[in-house]
Amino acid sequence: MRAVYYEEFGSADVLKTGNMPEPDLKPGQVLVRIAAAAVNPIDRRLRAGELSDFFQRQWPIIPGWDFSGRIVDRGDTDWSIGQDVVGLAFSWFLHGGTYAEYIAVDSTAIALKPENISFIEGAAVPLVSLTAWQALVEFSNLKSGQTVLVQAGAGGLGSVAISIAKHLGAYVYTTARAHNLDYVKSRGADFVIDYTTDNYVDVISDREPDGIDVVLESLTNEAAITAAIHLVKAGGAVPYMNNPPPDMAEIKAKNIKTEFLHNRPDGQILNEIMMLYAEKKLQIPQIETLALKDAAEAHRRSESGQTRGKIVLHIQDI
Ligand SMILES: NC(=O)c1ccc[n+]([C@@H]2O[C@H](COP(=O)([O-])OP(=O)(O)OC[C@H]3O[C@@H](n4cnc5c(N)ncnc54)[C@H](OP(=O)(O)O)[C@@H]3O)[C@@H](O)[C@H]2O)c1
């Protein structure tokens, strides 16, 4: 099958397009002919050799966890050949990812793709939507009338987190550069702070002297990691997306719920989320589509840290 893969760690230049064997089906898995795969920051971080202690690898490695496509082999599962699905093919074992024509994936990690969601849209949303849902709904228990800061609102995660927070009825603060202000507002953000001209901590502290309920912290710098704890009120929640919580006495003193959260495949929740997209209760993020052979360019754009919404690789028409 045609796939993008790498045989050594390095820059985006190590990505090659060529032929790789089709994946074998294990018990509990379905084989999906992939229409599209989204690019996530984790794909290029793993390609660069980061997080080596956490993952096992079998070379060569096909990157990618997000996908949409059609089931072509149902294995021993209750799924049917011909069903159109989306999914998060996450694994701690890296070898066969979704930048390829086929993926063998656990049947519990997929959900039906609604008919009014395209394959490109369907591929864009699983990882970021599950992450945002698990952080805001499951971990933080964000409720109507509460306040939340969604960092980096214009990114893939931020785009869907704003939409989910608004669906829950929360008041949403977000950070973005000037050229993304209209975009994040169009997704429902109530108050946008241009972090290049204003100090978001001061702005939010002035407006919310008692603190806010939740900070979805996806930035990696020390100042932001610490500020998130200062910003939440007693009993609030700070799900961190990239790091364990800082060692701060304030966490215990204010009874703040905080943890490093990693996205978890969950077909049932993904199914609920896809229904919300189908019913237009959640907004699909802005999407830029590139061809599979342009995966290296997609990684370079992701590395710029300035992409808006999602980049999706078109793999084949289905
Ligand atoms: N733990 C997990 O399971 C999990 C899951 C998904 C993502 N993540 C992590 O969460 C982070 C965001 O992921 P993503 O998919 O949204 O990445 P992304 O799509 O690459 O994010 C790019 C966006 O970040 C914004 N940005 C960059 N620096 C910023 C800053 N200092 N303040 C505010 N916004 C800033 C940019 O907007 P502007 O141009 O407006 O600055 C850009 O739109 C990544 O570090 C990723 O690894 C973790």
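Helix 4 gives the most to the shell around the ligand, three residues. This is a predicted model, in which local features need pLDDT of at least 70 and side-chain atom pairs count only at pLDDT 80 or more, while totals for chains, interfaces and linings use all residues. Residues are numbered from 1 along each chain as its sequence is written.

Select the ligand and its surroundings. The shell holds 29 residues, the closest being Ala152, Ala154, Gly155, Gly156 and Leu157 (C-beta atom, placed from the backbone, within 6 Å of the ligand). The shell divides into 11 nonpolar, 16 polar and two charged residues.

Next, select helix 3 (residues 126-139) and helix 9 (residues 267-278). Their axes come within 10 Å and cross at roughly 100°, which makes helix 3 roughly perpendicular to helix 9 (65 to 115 degrees). At the contact (C-beta atoms within 7 Å), Pro126, Ser129, Leu130 and Trp133 of helix 3 meet Ile269, Leu270 and Ile273 of helix 9.

Finish at helix 10 (residues 295-303), where Ala295, Ala296, Ala298, His299 and Ser302 are buried (20 or more other C-beta atoms within 10 Å of a residue's own). They cover an arc of only 160° around the axis, so they lie on the same side of helix 10. The partners of these buried residues include strand 1 (2-5), strand 3 (29-39) and helix 1 (41-47). Gly305, with a positive phi near 70°, follows helix 10.

Definitions and conventions:
Buried ≥ 20, exposed ≤ 12 C-beta atoms within 10 Å, placed from the backbone. Helix = DSSP H or I, 4+ residues; strand = E, 2+ residues; numbered from the N terminus. Arc of directions from axis to C-beta. Contact = placed C-beta atoms within 7 Å. Axes fitted to C-alpha atoms, helices over the stretch in contact; angles between N-to-C directions. Parallel < 35°, antiparallel > 145°, perpendicular 65-115°, else oblique. Nonpolar A, V, L, I, M, F, W, Y, C, P; charged D, E, K, R; others polar.
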